[in-house]
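Here is a short briefing on one protein chain. Read it with the sequence and the 3D view side by side.

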Amino acid sequence: MPPHDHAAHHGHHHGHDHGTHDHGHSHGHSHGIGHHHVHAPASFGRAFAIGITLNLGFVLVEAGVGLWAQSVALLADAGHNLSDVLGLAIAWGGMALSRAAPSKRFTYGLSGSTILAALLNALILLFALGAIALEAIQRIGAPAAVPGQVVAIVAAAGIVINLSTALLFARGRDGDINIRGAYLHMAGDAAVSAGVLVAGVIIWRTGLAWIDPIVSLAIVALIFWQTWGLLREAIEMSLFAVPRRLEYDAIIAALKGLEGVEAVHDLHVWPMSTTDAVLTTHLLMPAGHPGDAFLATTQAMLHDRFQIGHATIQIETTPDCALQGGCA
């Protein structure tokens with residue numbers, strides 16, 4: 001006799017058309033339980049607009065002064081700040097795309113495009129860093145005269161702008177990793193600008209022009225470390241890896257800890273976007289319908305403990321998981 005099973009789907013309220021579900025699917029019936037999850041307050045749209053405008057304006061000024069002063073450190077910092085403008089735009093785009101309604105062609109909407117954007121952003125950054133590093137290395141042997149006072153003043157302005165932008169996202173950093181990423185990126189940039197400020201002061205006081213390309217290489221190394229991490233995570237997401245913020249074993253343990261659950265198998269967790277995750281799993285339980293209350297409680301637990309807003313759970317009453325790769 002085939003196992004009795006029951007599937008339930010729980011997702012963010014993104015405009016899913018649950019009426020189009022195939023109720024004759026072999027895994028059982030599908031029940032849609034809408035849950036509206038707000039990624040960030042609407043006011044963050046204004047924060048993104050202000051942050052992008054401030055930083056883009058500063059990039060133009062810093063790059064212009066860097067070319068005039070022949071300061072590779074300023075140009076490197078301008079390149080870094082330009083990457084922040086792109087990063088803010090990607091975060092803002094992700095927030096907007098998360099509200100887009102899915103279609104029959106793109107059943108999760110277009111929120112996954114934030115993963116592709118992050119991947120492209122990382123690749124472009126690596127090429128830019130290579131160009132800056134090459135220029136800095138060439139200048140170590142023949143450093144150009146750099147007006148340290150001008151470099152210090154521009155870097156000080158960068159600290160103010162980066163800190164001001166970070167504060168725009170400070171109150172949302174605990175509730176949304178998208179906002180937290182923007183906050184940490186801008187706070188880190190304030191530290192980079194502080195390094196350029198120190199270099200400018202040293203050059204101003206000592207006249208040691210070689211400090212400029214050395215500091216620019218240090219900035220390149222710091223940004224490369226951040227960019228490499230971004231590239232690795234973007235590639236992992238593109239390959240549907242479990243998001244880094246989630247622990248696979250912890251999810252297994254949480255599901256096995258539910259009353260009546262004898263085993264867990266076919267657990268899959270993957271990113272739907274840079275902020276949202278999807279989960280599907282089979283739970284082995286004693287004979288007897290567990291009821292919608294159990295499914296709703298399980299989905300709520302996954303949402304509250306792991307921030308997984310899209311979960312599809314299939315209940316099975318016979319231990320056939322050994323034939324499907326084993327039970328956990």
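The chain has eight helices and five strands. The model is a predicted one. Starting at the N terminus, the elements follow the order β-β-α-α-α-α-α-α-α-β-β-α-β.

**Overall build**
- The chain holds 328 residues, and 45% of them are buried.
- Take the contacts between residues at least 6 apart in sequence: 73% of these join residues at least 24 apart.

**The largest nonpolar core**
- In soluble globular proteins, nonpolar side chains tend to be buried together.
- Here, the largest nonpolar core has 24 residues.
- Leu74, Val196, Val215 and Ile219 have the most contacts inside this core.
- Six helices each supply at least two of the core residues: α1 (43–69), α2 (72–97), α3 (113–141), α4 (148–168), α5 (177–206) and α6 (211–238).
- Helix α6 gives the largest share of this core, with five residues.

**Ile219 and its partners**
- Which residues does Ile219 contact, leaving aside neighbours within four places in sequence? They are Ala73, Ala76, Val192 and Val196.

**Another core**

**Packing of α3 on α6**
- Two packed helices are described by the angle between their axes and the distance between the axes.
- For α3 and α6, the angle is about 160 degrees and the axes are 9 Å apart.
- Angles over 145 degrees count as roughly antiparallel, so α3 is roughly antiparallel to α6.
- The crossing of α3 past α6 is left-handed.
- What kinds of residues form the contact of α3 with α6? There are 24 nonpolar residues, three polar and one charged.

**Asn55 in helix α1**
- Asn55 sits in helix α1.
- Is Asn55 buried or exposed? Its relative accessible area is 0%, and buried means under 20%, so Asn55 is buried.
- Not counting residues up to four places away in sequence, Asn55 touches Asn81, Val85, Leu88, Ile161, Asn162, Thr165 and Met186.

Note on methods:
Residues are numbered from 1 along each chain as its sequence is written. This is a predicted model: local features need pLDDT of at least 70, side-chain atom pairs count only at pLDDT 80 or more; totals for chains, interfaces and linings use all residues. Side-chain values use heavy atoms; hydrogens and water are left out. A nonpolar core is a set of buried Ala, Val, Leu, Ile, Met, Phe, Trp, Tyr and Cys residues joined through side-chain atoms within 4.5 Å. Buried means under 20% relative accessible area, exposed over 50%, partly exposed in between (1.4 Å probe, protein chains only). Helices (H or I, at least four residues) and strands (E, at least two) are DSSP runs, numbered from the N terminus. Contact means heavy atoms within 4.5 Å. Axes are lines fitted to C-alpha atoms, for helices over the stretch in contact, and angles run from 0 to 180 degrees between N-to-C directions. Angles under 35 degrees count as roughly parallel, over 145 as roughly antiparallel, 65 to 115 as roughly perpendicular and the rest as oblique. A crossing is left-handed if the near helix is turned anticlockwise from the far one by less than a right angle, and right-handed if clockwise. Ala, Val, Leu, Ile, Met, Phe, Trp, Tyr, Cys and Pro count as nonpolar, Asp, Glu, Lys and Arg as charged, and the others, Gly among them, as polar.
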